[in-house]
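Here are a few notes on helix packing and aromatic contacts. Please read them with the model open.

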Amino acid sequence: MLWTDCLTRLRQELSGNVFTMWIRPLVAEEAEDTLRLFAPNPYWTRYIQEHHLELISILAEQLSEGRVRKVEILVDSRPGAILSANEQPATTTAALESVPAPMAKPRKEKEETAGKNSRKRQLNPLFTFSLFVEGRSNQMAAETCRKVLTQLGASQHNPLFLYGPTGLGKTHLMQAVGNALLQAKPNARVMYMTAESFVQDFVSSLQQGKVEEFKKNCRSLDLLLVDDIHLLAGKEASLVEFFYTFNALLDESKQIILTSDRYPKELTELDPRLVSRFSWGLSVGVEPPDIETRIEILLKKAESNNVELPRNCALFIAQQVVANVRELEGALNKVVAISRFKGTPIDLEVVRESLKDVLAIRARTISTENIQRVVSEYFRIPLKELIGPKRTRIYARPRQLAMGLARELTGDSFPEIGMAFGGRDHSTVMHACEKVQSLREEDPIFNEDYKNLLRLLQS
């Protein structure tokens with residue numbers, strides 16, 4: 001059976017915990033050119049879509065010799081399914097690790113045990129500080145999260161608000177705090193949920209007449225972790241409930257950590273009172289990782305999965321995939337899958353073949369010429385002066401910045417970049433890249449310009 005073959009390969013590709021927890025329980029069925037996978041709840045399907053669906057699709061197409069062209073992940077709401085999307089809120093993940101009890105427990109004891117276990121199981125055990133790769137883009141956020149553990153509930157960082165584009169490790173960091181707290185204090189009351197799942201649980205409690213139980217569960221925590229808080233926009237009843245939960249926890253000096261894709265004051269669609277409270281503690285931004293951090297992420301991910309990834313291959317992948325960590329890991333998974341399918345070690349040829357679609361897209365969207373155009377428009381200087389011979393500061397700084405961006409985003413060599421900038425020598429480009437690096441560390445305005453241009457080019 002195709003899915004059985006896929007499971008065999010996925011067991012090799014993924015860590016034991018991930019395979020056992022997320023992949024093995026899936027139910028599969030084939031229909032013409034489609035492989036349908038069924039998961040117990042929306043939370044599960046979302047996780048598979050974000051982290052593993054691309055790899056599963058590649059394996060399914062390869063192992064079926066092209067017969068299967070599409071893989072879908074659906075909530076298993078068929079008759080007889082263990083869980084139904086309507087019956088099971090997205091945050092309830094107790095089924096992930098549940099096993100039959102050897103003997104029945106008294107009702108009260110069973111409920112208390114289930115409550116403790118469900119709180120722990122909502123955290124991904126792989127999201128720890130030891131598995132988080134730090135760089136300049138996320139160092140402050142990581143250090144702040146560690147500090148929170150030593151001063152839980154302290155007003156100077158409560159709430160802790162992590163913001164930045166998707167896929168940069170905000171969820172990893174907030175859950176690392178929860179995992180570390182539970183390791184130090186196993187009886188701590190920790191809850192992780194997305195804003196979407198908060199709404200779903202609240203609505204479910206209303207439908208079942210269990211609002212007071214919902215309030216008690218949320219307001220008796222030691223640590224509340226809420227992802228994508230901006231998604232509460234438009235959910236008026238849930239916003240009111242979250243407002244009171246937020247205040248109740250702060251009044252008891254209980255720690256709250258929130259994430260969003262934007263700085264708190266930019267969340268204009270939320271209740272101003274709530275946005276104001278988000279700013280009471282500490283807000284820390286998480287930026288896209290620089291190339292050195294991207295390389296280290298790839299090497300660490302490969303090592304954790306017992307994959308031999310040459311550094312020059314990690315460099316090549318890091319040069320091509322710059323948007324976020326999820327896409328970076330997805331690219332590595334694809335490279336590993338192709339390498340194992342062909343039965344050859346990972347080298348630049350395998351990497352190029354695996355990322356041919358990415359390379360084609362980048363060739364159309366990010367080039368040295370495109371970077372020059374964007375930089376000239378950003379600084380409002382003529383393009384001919386940007387690549388011309390003048391060395392006055394008004395042109396030299398943007399020129400160096402453009403060279404640094406070209407080196408990070410295009411994968412072009414120093415001589416190739418030099419030729420694009422009026423036939424300059426490769427040593428000039430190397431000096432420019434080094435200068436950009438030092439200016440980013442010394443000059444906050446220059447660093448902000450660099451990050452703004454990076455976002456423009458990657459959007």
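1. A crossing is called right-handed if the near helix is turned clockwise from the far one by less than a right angle, and left-handed if anticlockwise. The model is predicted. In it, α1 passes α14 in a right-handed crossing.

2. How do the axes of these two helices lie? Helix α1 spans residues 2-13 and helix α14 spans residues 325-342. Their axes come within 11 Å and cross at roughly 120 degrees. Angles of 65 to 115 degrees count as roughly perpendicular, and over 145 as roughly antiparallel. The two helices are therefore oblique to each other.

3. Which residues make the contact? From α1 come Arg 9, Gln 12 and Glu 13. They meet Val 336, Ala 337, Arg 340 and Phe 341 in α14. By class, this contact has three nonpolar, one polar and three charged residues.

4. Now the aromatic side chains. A search of the whole structure finds 11 aromatic pairs. One of them joins Phe 161 and Phe 278. Their ring centres are 5.5 Å apart and their planes stand at 40 degrees, so the pair is tilted. Stacked would need planes under 30 degrees apart, and edge-to-face over 60.

5. Where do the two partners sit? Phe 161 lies in strand β4 (residues 160-163), and Phe 278 in helix α11 (residues 272-278). The pair therefore ties together parts that are 117 residues apart in sequence. Are these residues buried or exposed? Both Phe 161 and Phe 278 are buried.

6. Phe 161 and Phe 278 belong to one aromatic cluster, together with Phe 198, Phe 202, Phe 214, Phe 242 and Phe 246.

Technical notes
Residues numbered from 1 in each chain as written. Predicted model: local features only at pLDDT ≥ 70, side-chain atom pairs only at ≥ 80, totals over all residues. Heavy atoms only, no water. Axes fitted to C-alpha atoms, helices over the stretch in contact; angles between N-to-C directions. Helix = DSSP H or I, 4+ residues; strand = E, 2+ residues; numbered from the N terminus. Parallel < 35°, antiparallel > 145°, perpendicular 65-115°, else oblique. Contact = heavy atoms within 4.5 Å. Nonpolar A, V, L, I, M, F, W, Y, C, P; charged D, E, K, R; others polar. Phe/Tyr/Trp six-rings, centres within 6.5 Å; stacked < 30°, edge-to-face > 60°. Buried < 20%, exposed > 50% of the residue type's maximum accessible area, 1.4 Å probe, protein only.
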